Amino acid sequence: MRPTRIIISGGGTGGHIFPAISIANALRRMEPGCEILFVGATGRMEMEKVPAAGYKIVGLTISGFQRGSIAKNLGLPFKVLGSVRKAMQLISSFKPDVVVGVGGYASGPVLFAASVKNIPYLIQEQNSYAGITNKWLGRNAAKICVAFDDMDQFFPAQKILKTGNPVRKDVVNIFNKHHEGAEMLQLDPLKKTILVTGGSLGAGTLNKSIEKHLPELLKEDIQVVWQTGKFYYKGIIERLGLDFHPNVRILEFLNKMDMAYAAADVIISRAGAGTIAELCLIKKPVILVPSPNVAEDHQTKNAMALVKSNAALLITDRSAEDTLVSEAIDLLKDKERIKLFSENIGKMALPDADDIIAIEVMSLAEGRKSD
């Protein structure tokens, strides 16, 4: 029997790319000879990250709607039509048995093309609030894998499977690594430590909040692992210097995220769906500051799913500069709340999402191959 052929489409951010690669790795574990083709957006980070993970990728010339700029959106219909046309050609030439959409600019045209070509497709909806494109494409999807409850408000209930979001296994493997993580980051393992992470690009609000209130953190002898992101690192280093204080580690990017998670007592983070999936698995107390710059304010909705279960603390972006650090200090001192948050966030963990989604993908492919 010929190898199974699968197209995985989407990307744009690490929150889409890393789950997609996790699914691909799970598919390869199930069928080592399966043929996988990624389809991304030209110029986006998937064009670099996917080949680095060992997979072939093709780019579509596609971008999203630019809020606040009519001029930048004038060419959008032509980009969409061109991307749909190229997606149709890719499906005709690659002949996939199944298509997987993980979200991001490239996902829509490819899933639409699969629908037109009668190729079964699976949507991996990462957020607690589905976007317009996925809601529309969900009507013809064979299966929709979700990470949150109550998603039948967006999709046909009979097509939904709650799997959780795939995570990078190495990142969440923190068991017995607290001392090792502290040592790697040149920290004292016996001092309280806050990890601040705004993702690979960084989060301006988090960075401003930490920089403004460093004196309070140092006064309490709290250590800070501060991942600034590439957009902000240079400016912060110019202002504070590389060796600002022994208690503070200022880093552009964390290559060993597991060590940072392991060293931390409290984590401050944005509320992307992929990050939340990781945080549930590492079971540490979390303060979420949802980004206001995302479609449908989905990060706030992601965070609220945890807050409703008393599994995290939410600080709004607009109030973070004034309250975030004081709330973090209070949380570090509150052993009961730390214990409660850790227990409750751990209850929300779904650890085998990549394997469960891969099983669904292969089932859809087998159904098509046997037709």
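Helix H13, which spans residues 273-282, is mostly covered, with 8 of its 10 residues buried. The model described here is a predicted one. The buried residues of H13 are Ala273, Gly274, Ile276, Ala277, Glu278, Leu279, Cys280 and Ile282. Their cover includes helix H7 (169-172), helix H12 (257-263) and helix H14 (298-307), together with strand E11 (266-269), strand E12 (286-288) and helix H16. After H13 comes Lys283, a residue whose phi is positive, near 60°.

Helix H16 also takes part in a helix pair. Helix H15 (residues 317-333) packs against helix H16 (residues 335-347) at an angle of about 95°, and the axes of the two helices are 5 Å apart. With that angle, H15 is roughly perpendicular to H16, because angles of 65 to 115 degrees are counted in this way. On the H15 side the contact is made by Asp330, Leu331, Leu332 and Lys333, which meet Lys335, Arg337, Ile338 and Phe341 of H16. Sorted by class, the contact of H15 with H16 contains 4 nonpolar and 4 charged residues, and no polar ones.

The aromatic rings are considered next. Over the whole structure, a search finds 3 aromatic pairs, among them Phe38 with Tyr55 and Tyr129 with Phe154. The table gives the geometry of these two pairs.

| Pair | Centre to centre | Angle between planes | Class |
|---|---|---|---|
| Phe38 and Tyr55 | 5.4 Å | 50° | tilted |
| Tyr129 and Phe154 | 5.0 Å | 70° | edge-to-face |

Phe38 belongs to strand E2 (residues 35-41), while Tyr55 is in the loop between helix H2 (46-52) and strand E3 (56-60), so this pair ties together parts that are 17 residues apart in sequence. Both Phe38 and Tyr55 are buried.

The pair of Tyr129 and Phe154 is edge-to-face because its planes stand at 70°, where the class requires an angle over 60 degrees. Tyr129 is in the loop between strand E5 (121-125) and helix H6 (132-138), and Phe154 is in the loop between strand E6 (143-146) and strand E7 (160-162), so the pair ties together parts that are 25 residues apart in sequence. Tyr129 counts as partly exposed, at 26% relative accessibility, whereas Phe154 is buried, with a relative accessible area of 12%.

Two individual residues complete the account. Gly59, in strand E3, is buried, with a relative accessible area of 13%. When its neighbours within four places in sequence are left aside, Gly59 is in contact with Gly40, Thr42, Met47 and Lys86. From Gly59 to Leu214 the separation is 155 residues in sequence and 43 Å in space, taken from C-alpha to C-alpha.

Thr133 lies in helix H6 and counts as partly exposed, at 43% relative accessibility. Thr133 and Leu111 are separated by 22 residues in sequence, and their C-alpha atoms are 9.9 Å apart in space.

Technical notes:
Residues numbered from 1 in each chain as written. Predicted model: local features only at pLDDT ≥ 70, side-chain atom pairs only at ≥ 80, totals over all residues. Heavy atoms only, no water. Phe/Tyr/Trp six-rings, centres within 6.5 Å; stacked < 30°, edge-to-face > 60°. Helix = DSSP H or I, 4+ residues; strand = E, 2+ residues; numbered from the N terminus. Buried < 20%, exposed > 50% of the residue type's maximum accessible area, 1.4 Å probe, protein only. Axes fitted to C-alpha atoms, helices over the stretch in contact; angles between N-to-C directions. Parallel < 35°, antiparallel > 145°, perpendicular 65-115°, else oblique. Contact = heavy atoms within 4.5 Å. Nonpolar A, V, L, I, M, F, W, Y, C, P; charged D, E, K, R; others polar.
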